[in-house]
Amino acid sequence: MSKNKRLNNIKKGLDLEAQYELDNAISTVKANATAKFDESVDVVFSLNVNPKHQDQNIREIVSMPEGLGKNTRVAVIAKAEKHEAAISAGAERVGAEDLVDEIRQGKVDFDFCIATPDMMPKVGQLGKILGPKGLMPNPKLGSVTNDVQKAVENAKKGQVELKVEKFGLVHAAIGKSSFDAQKIKNNFDAVYTALKNAKPTGVKGSYLKKVFIGSTMGPSLEISISSLNK
């Protein structure tokens with residue numbers, strides 16, 4: 001069966017105009033994640049913000065309490081005295097100027113990059129390579145730090161970056177369809193709480209406009225905002 005035919009068959013059994021309570025939405029997404037691989041479960045928040053305004057350009061890192069169901073490959077750029085701590089925490093790539101040179105030559109085989117503050121003058125030269133990939137270390141996101149062990153451990157547990165995109169949208173992965181419903185809900189709550197706490201003071205009116213949840217190959221369902229506020 002083609003993916004379009006499968007998706008159309010799924011849609012026939014759903015009311016896509018309805019708003020679902022969170023628990024019902026999660027169970028429905030899981031039940032309809034019938035692809036031949038473990039689909040990602042993703043959420044989209046529509047916020048009443050304008051990312052063109054600096055004070056409304058939300059950017060946060062959230063640790064997923066239940067992980068993301070995948071191995072995050074971590075690179076650490078630090079001087080030699082930090083290497084043992086980074087390796088013991090599970091970092092796949094560890095180095096100093098040598099690692100900077102490898103990245104400059106195009107070897108970017110990692111999903112998350114951590115750097116110590118004293119290496120940032122060198123790392124800053126990699127902006128054109130790491131920036132477009134969303135891998136540039138940033139002190140606000142906890143990826144520029146002297147505590148490389150904790151940073152690696154957090155990255156390995158599973159983290160997502162919440163970043164406002166065009167039209168005030170924030171996308172985030174919150175797990176896999178194979179996760180039990182409670183784990184997906186726990187990860188959703190972590191993202192939801194982080195966004196609520198990041199609400200800009202200058203926002204007028206309702207901050208949260210709409211929320212959708214879906215899987216990689218499944219339809220998106222709208223979550224009732226009123227049910228989230230109970």
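**View 1. Lining of the second largest pocket.** Sort the residues lining the second largest pocket by type and you get four nonpolar, four polar and five charged. That makes 13 lining residues, with Gln54, Asn57, Ile58, Arg59 and Lys140 lying nearest the centre. The pocket's volume comes out at about 250 Å³. Keep in mind that this is a predicted model.

**View 2. The largest pocket.** Here the volume is about 470 Å³. Of the 19 residues in the lining, Asp111, Phe112, Gln159, Val160 and Glu161 sit closest to the centre. By type, the lining of the largest pocket splits into 10 nonpolar, four polar and five charged residues. Three strands, β3 (59–63), β6 (112–115) and β7 (159–163), each put in at least two lining residues. The top contributor is β7, which gives three.

**View 3. The buried side of helix α2.** Within α2 (residues 22–31), the buried residues are Leu22, Ala25, Ile26, Thr28 and Val29. They share one side of α2, because the arc they cover around the axis is only 165 degrees. As for what they pack against, the partners are the strands β1 (19–20), β2 (40–47), β9 (208–215) and β10 (221–223), plus the helices α8 (181–197) and α9 (225–228).

View 4. Aspartate 23 and lysine 185 pair up in a salt bridge, with their closest N and O atoms 3.1 Å apart. Aspartate 23 belongs to helix α2 and lysine 185 to helix α8, so this pair ties together parts 162 residues apart in sequence. Both ends are partly exposed: aspartate 23 has 46% relative accessibility, and lysine 185 has 23%. The structure holds seven salt bridges.

**View 5. A salt-bridge network around Arg93.** Arg93, Glu102 and Asp109 are linked in a network of salt bridges. Zoom in on arginine 93 and glutamate 102 and you'll find their side chains meeting at 2.2 Å, N to O. Buried or partly exposed: which is arginine 93? With a relative accessibility of 11%, under the 20% cut-off, arginine 93 counts as buried. Glutamate 102, on the other hand, is partly exposed at 30%.

View 6. Aspartate 101 and arginine 104 form a salt bridge, and their closest N and O atoms are 2.7 Å apart. The two are three residues apart in α4 (residues 97–104), which means that about one helical turn separates them. In general, an α-helix has 3.6 residues a turn, so residues three or four places apart point the same way. Aspartate 101 is partly exposed, at 35% relative accessible area, and arginine 104 is partly exposed too, at 38%.

Technical notes:
Residues are numbered from 1 along each chain as its sequence is written. This is a predicted model: local features need pLDDT of at least 70, side-chain atom pairs count only at pLDDT 80 or more; totals for chains, interfaces and linings use all residues. Side-chain values use heavy atoms; hydrogens and water are left out. On a 1 Å grid over the protein atoms alone, a cavity is a set of points where a 1.4 Å probe fits but cannot get out, and a pocket is an open set with protein on both sides within 12 Å along at least five of seven lines; lining residues have an atom within 4 Å of a point. Grid points are joined across faces, edges and corners, and a volume is the space filled by probe spheres set on the points. Helices (H or I, at least four residues) and strands (E, at least two) are DSSP runs, numbered from the N terminus. Ala, Val, Leu, Ile, Met, Phe, Trp, Tyr, Cys and Pro count as nonpolar, Asp, Glu, Lys and Arg as charged, and the others, Gly among them, as polar. Buried means under 20% relative accessible area, exposed over 50%, partly exposed in between (1.4 Å probe, protein chains only). The arc is that of the directions from the helix axis to the C-beta atoms. Contact means heavy atoms within 4.5 Å. A salt bridge is a side-chain nitrogen of Lys or Arg within 4 Å of a carboxyl oxygen of Asp or Glu.
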